[in-house]
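Please read the numbered points beside the sequence and the model.

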Amino acid sequence: MTHPSITDPSIAHPGATPVPPPTNRWLQLIFGIVCMCMIANMQYGWTFFVNPIQERHGWDRAAIQVAFTLFVVTETWLVPIEGWFVDKYGPRVVTLAGGLMCGLAWVVNAYADSLTLLYLGAIIGGTGAGAVYGTCVGNSLKWFPDRRGLAAGLTAMGFGAGSALTVVPIQAVIRHYSYESAFLWFGLGQGLVVMLIALFLVAPKKGQVPEIARVSQSKRDFTPGEMVRTPIFWVMYAMFVMMAAGGLMATAQLGPIAKDFHIADVPVSLFGITLPALTFAATIDRVLNGVTRPLFGWISDHIGRENTMFLSFGIEGVGIYLLSQFGHDPIMFVILTGLVFFAWGEIYSLFPATCGDTFGSKYAATNAGLLYTAKGTAALIVPYTSILTTMTGSWHAVFLAAAALNIIAAFMALFVLKPMRHAYTRAAAPLETKPKPAAAH
């Protein structure tokens, strides 16, 4: 089915310059998803390396987790710069460079015999992963202005669920060979696949995408400079930080939490499958963390972004609180971490989609990248969770703080962001539409 707003070369006027066939936007979306799958382990596979690194070198766990923070900070805070290159030069060259750095980063990790070298690998990896992530999400927003929630969700799903298939293989390589071997082999493989797929990525040309959507959208494109001067952007930024903090803590500390709860290797049987609690939890978490992104993105395309945020953020807050109360039970640990990741992953579809709706498509990669830096800000909190746990003797205080942030963000979506966006759109509409007289139907 061809959308009427997409250029169709078969109906060009006689004598007109032939228009090349439009690129299949769903194929572009698939390319982006594959690239995201390839870089997913760099964040979601990290937790499997923390304990082996500590056992091998005797480094403090909090010091090791600084590498995770450096990865997330560089993965996020550099995305606006990478997004600018995408908006100006297209997605191909940026993704190629990102794939190269992603592969190089895990090779550096494989040979890191000092914290300094481990931190260097994290910085290289974060820069590369951010280039790939920002490019793929930004490109999906451009190709699908009519279905931003679904498109951003499917793309982000690759990053959330992409590591699910490699949970068992990575753990097996670490167990039977070494964590260094896992870094080396998976790093090289992931980087090469990204570089290959990058050759096929293109940005949409004028007239190749539809312009109809069910949700409220801006009628003009805001430059990054204009966007950061609006209060709405900073409200979204604060909410993003609050939501990202709890999920990043769970992502980075899942292995250490399971070890401290003394359940990491306890067999758990669910759905006819028996696996150690940590392996089971990590696998289910990544699947649900991926599924939730297109699911809630699709829901938000129909009921609105803020209403969907309130629902999902509230579930996340309750899930984290319940994990603090019942997580010592292996079965409940698996179930509740799954709930936490299910209610957390959707932020990576809801916030980019809301950003695109509010500030337009032309600078989508740069603008979404600026908002995405909130994840890096939230990552600065992660090392302190280890320190707070050591000071208090348990994870209870960390869980309560994360749950509270999620609940606050949920109510902000309904009672702060929603009325602000409504008033902003209503106030801006007359100015934007004034030069264009209404067309007669």
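1. The crossing of α14 and α15 is left-handed; a crossing is called left-handed if the near helix is turned anticlockwise from the far one by less than a right angle, and right-handed if clockwise. Helices here (H or I, at least four residues) are DSSP runs numbered from the N terminus. Helix α14 spans residues 305–326 and helix α15 residues 330–344; their axes lie 8 Å apart at an angle of about 155°. Axes are lines fitted to C-alpha atoms, for helices over the stretch in contact, and angles run from 0 to 180 degrees between N-to-C directions. The two helices, α14 and α15, are therefore roughly antiparallel (angles over 145 degrees; under 35 count as roughly parallel, 65 to 115 as roughly perpendicular and the rest as oblique).

2. The model is predicted: local features need pLDDT of at least 70 and side-chain atom pairs pLDDT 80 or more, whereas totals for chains, interfaces and linings use all residues. Residues are numbered from 1 along each chain as its sequence is written, and side-chain values use heavy atoms, with hydrogens and water left out.

3. Between α14 and α15, S312, I315, E316, G319, I320, L322, L323 and F326 of α14 meet M332, F333, L336, T337, L339, V340, A343 and W344 of α15, contact meaning heavy atoms within 4.5 Å. This α14–α15 contact comprises twelve nonpolar, three polar and one charged residues (Ala, Val, Leu, Ile, Met, Phe, Trp, Tyr, Cys and Pro are nonpolar, Asp, Glu, Lys and Arg charged, and the others, Gly among them, polar).

4. Helix α10 (residues 179–198) and α9 have axes that come within 6 Å and cross at roughly 135°; α9 and α10 are therefore oblique to each other. Their crossing is right-handed. In this pair, P169, I170, V173 and I174 of α9 meet Y179, S181, A182, W185 and F186 of α10, giving eight nonpolar, one polar and no charged residues.

5. How are α3 and α9 packed? Their axes are 10 Å apart, at an angle of about 10°, which makes α3 roughly parallel to α9. F48, F49 and P52 of α3 form the contact with V167, I170, Q171 and I174 of α9; by class there are six nonpolar, one polar and no charged residues.

6. The second largest pocket is lined by 22 residues, with F48, P52, Q171, D265 and L278 nearest its centre. The elements giving two or more residues to this lining are α3 (47–57), α9 (167–176), α12 (231–260) and α13 (277–303). Helix α3 gives the most, six residues. By class, the lining has ten nonpolar, seven polar and five charged residues.

Conventions
On a 1 Å grid over the protein atoms alone, a cavity is a set of points where a 1.4 Å probe fits but cannot get out, and a pocket is an open set with protein on both sides within 12 Å along at least five of seven lines; lining residues have an atom within 4 Å of a point.
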